[in-house]
Amino acid sequence: MSPAAAHPLLELRHLCKAFPGVTALEDVSLTLAHATVHALVGENGAGKSTLMKIVAGVCAPDAGELRLEGHGVHFDSPRAALAHGIAMIHQELNLMPSMSVAENIWIGREPLNGCGFVRRRELERRTHALLERLALDIDPRAEVGMLSIAMRQMVEIARALSSQSRLLIMDEPTSALTERESERLFGVIRDLRSQGVGIFYITHRMEELFALADEISVLRDGRRVGGGRACDLRREELIRLMVGRELEVLPPPPPAAGPVALAARGLSVAGAFRDVTFELHAGEILGVAGLVGSGRSALAAALFGLTPATSGRMEIDGSAVRVDCPGTAIAHGLAYVTEDRKDTGCFLGLSVLENLEIAVLRGDLVRFGLVRGAAARAACGRMASALRIKTPGLDEHIENLSGGNQQKVLLGRWLLTHPRILILDEPTRGVDVGAKAEIHQLIAGLTARGAAVLMISSELPEILALSHRVMVMHEGRITGILERAAADQLSIMELAAS
Amino acid sequence: MHQAVFREPTAGRRRTRARRLPSEAGILLVLLAIALAFELLGWIFVHQSFLMNGQRLVIMILQVSVIGIIAIGVTQVIITGGIDLSSGSVVALTAMVAASLAQSSDALRAVYPSLLDLPVVVPVLAGLAVGAAAGLVNGSLIAATGIPPFIATLGVMVTARGLAKWYTHGQPVSMLTDAYAALGSGAVPVAIFLATALLFHVALRHTRYGKYTYAIGANREAARISGIRVGRHLVVVYTIAGLLSGLAGVLTSARAVSGQAGMGMMYELDAIAAAVIGGASLAGGVGRITGTVIGTLILGVVTSGFTFLRIDAYYQEIVKGAIIVAAVVADQYRRRRRGAAS
């Protein structure tokens, strides 16, 4: 037995890490064996990302040690970790969109000829070999900006492997992928595992855990609270460990019988979707399922006036309206939580208060042209505590909140406007189990009080748990609207892929 | 990283948590440090006090008031994530137009021989209108065509300078009325600077206009989705910046008792420097009027201090450049340290 094989790939021993004011990790020990997928689960803010940042050399632990194949190591930079074969694939992709796949993979390490020029042919040959190893059909010369998110992720993985990595860290790699693309990624991950690569895999999705992981560690409040071999663990047990309390299971929604709040009649946006007709009742959650690119998000943007419909019409409370900008939509009682929290939702750099109040600065919150600061603060404070937003205070910068709490702030921003029709695009993407359950309860509660909700989601369990009816889209058309009793994973997937 | 669920402070109880130091505290320290350094150097090299001289301090503030007024507008533009390069040229154009309407009957070569000895409000309003119009052009170009603010305002910068020269074919406009000249004398520009600063400090912190300005700079698309008419708002912000440049042009020509097409050269860069030293971020979403006022004073102290030490003007510019960069580097470092907890 070689000395390398006698030791596990990576051992983390008694790691501690504190940031000013918070303890991020407390005495965390775990082991990653060769050729295994080790999943890390836990609520946002449980310490998963901090732990992985230590492994990848982004930050140093306050105490404890890392042993790589039996040898103690210290990484003072991601570069140092990379030199030891540890690569991290970030949640946010770090690729240069205007450069080619090959250039992106080998940037900084291009093969050069005697005069210092890049040997383009050699560069492409190496890229081709690398992509072949991953069984990917991507042209090395393709511009990265033209690839789908899924393909870009594959390019990231290829880049990590190009530096002979034997330990990969993946932070929620499937959060932007469709089901089919995720399957593809899992295939690649399993291949890598069989080649001896050890993988740390952070996820919020239960289904992925049991499909992929060999080992699971659960983190909560900076500690490892449990884990073990995936085959020995049960789903309910994991959730209990993660949350530290039992989750309330939502009762099935009562049938919605309210009047039609929002109706689309033959709505089209050229190039995105066409001839969309549906009715959304007060008190109803209409789930919208479909693959990414099926026109779901474009429909939401059109209903809210961001990209006004090119033909067809919209009715609110039975009368035809023309919504050509978000201001009009808001005036009609609409609200819209976008799918991309970071790009189109949060005002990063501004406080929780400033993020909450922005859509409601009108009416009795403004007097003589001045915003009534105390009244706005009080209203936002009530909203923050009603939604159980975890933050040290309203003046905290929003980027210091976890994803779930940021999402709650965005919901709060709209709830302050007392909307009657809510359009929610992926309301729980990248949100941990606990916050997810709370957001689900919140949505159900809103409809119980008469609001109408159009909810787009890529997670079928979410759609099935909440929706009164499910509308399925495929390539810009509605392929079916299912009553709750008729909707299940199979029937939805059939319509989504038809 | 566990944090408590947010709870409203119970009524009647004061918020116990000490308020954070305002972000201007750091830059204020820099101002004091620079002033003290000059004080020390003053005693060593010229055997005088730098600070214990009321007249010098008044002149110092007077010199930077015009830059300060421009910087207040530029700060708002920078908060939206934009930039305004046209300020200096707009100063020249408004100085020309305002001066041409402020000539007294003593003028030998009047621009408008039939319009002499007009009441002082006429040239002032004309100057403000020209400034606002230039800003309106900036804002409309940016909002309607979507070209980067750098390009739009660069174009207006070149055009406005050209218009200023064309207006009198390069001739200076002189022999202005006493009432007009009074606007630029004494502490009038200082008072206008401070009043403008106060007005826009309140506007930025406590009105919808201000909140929308920050929101647009922090995330333009999110601002649009939140119901803010981004294009229209940008037009307003750039128009205000132009109006303030116009005000600066009026004061400049009043102080010089003439209008010249070469006025306001490089003022835009000093104004941007003042805003950036004061903590405004060119990435948008960050910046405060109080910071900009302190940034303006830093520029003033440096200029005044070097003159006081009788150091060549060449060295002044070299050091000024270094101070601008150092202030921004220091600020970024401070921010990063504060953000490390996240």
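**A sheet and a helix in chain A**

Okay, let's start with the sheet: in chain A, four strands make an open, antiparallel sheet, ordered β12-β11-β14-β15. Strands here are DSSP E runs of at least two residues, helices are H or I runs of at least four, both numbered from the N terminus, and two strands pair if DSSP finds at least two bridges between them. At the edges sit β12 (273–281) and β15 (319–321) of chain A, each with a single partner strand, so one side of each has no neighbour in the sheet. From one strand to the next, the twist averages 20°, taking axes as lines fitted to C-alpha atoms and angles from 0 to 180 degrees between N-to-C directions.

Quick caveat: this is a predicted model, where local features need pLDDT of at least 70 and side-chain atom pairs pLDDT 80 or more, while totals for chains, interfaces and linings use all residues. Residues count from 1 along each chain as its sequence is written, with chains lettered from A and ligands numbered from 1 in the order written.

Back to the sheet: β11 (260–269) and β14 (311–316) of chain A pair antiparallel over five bridges. A:Ser268 has A:Ser311 in β14(A) as its bridge partner.

Now, helix α6 of chain A, residues 149–162. How many of its 14 residues are buried? It's 10, including A:Met154 and A:Ile157; buried means 20 or more other C-beta atoms within 10 Å of the residue's own, placed from the backbone. Those buried residues pack against β6, α4, α5, β7 and α7 of chain A, with contact meaning backbone-placed C-beta atoms within 7 Å. After α6(A) comes A:Gln164, with a positive phi near 60°.

Technical notes
Buried ≥ 20, exposed ≤ 12 C-beta atoms within 10 Å, placed from the backbone. Contact = placed C-beta atoms within 7 Å.
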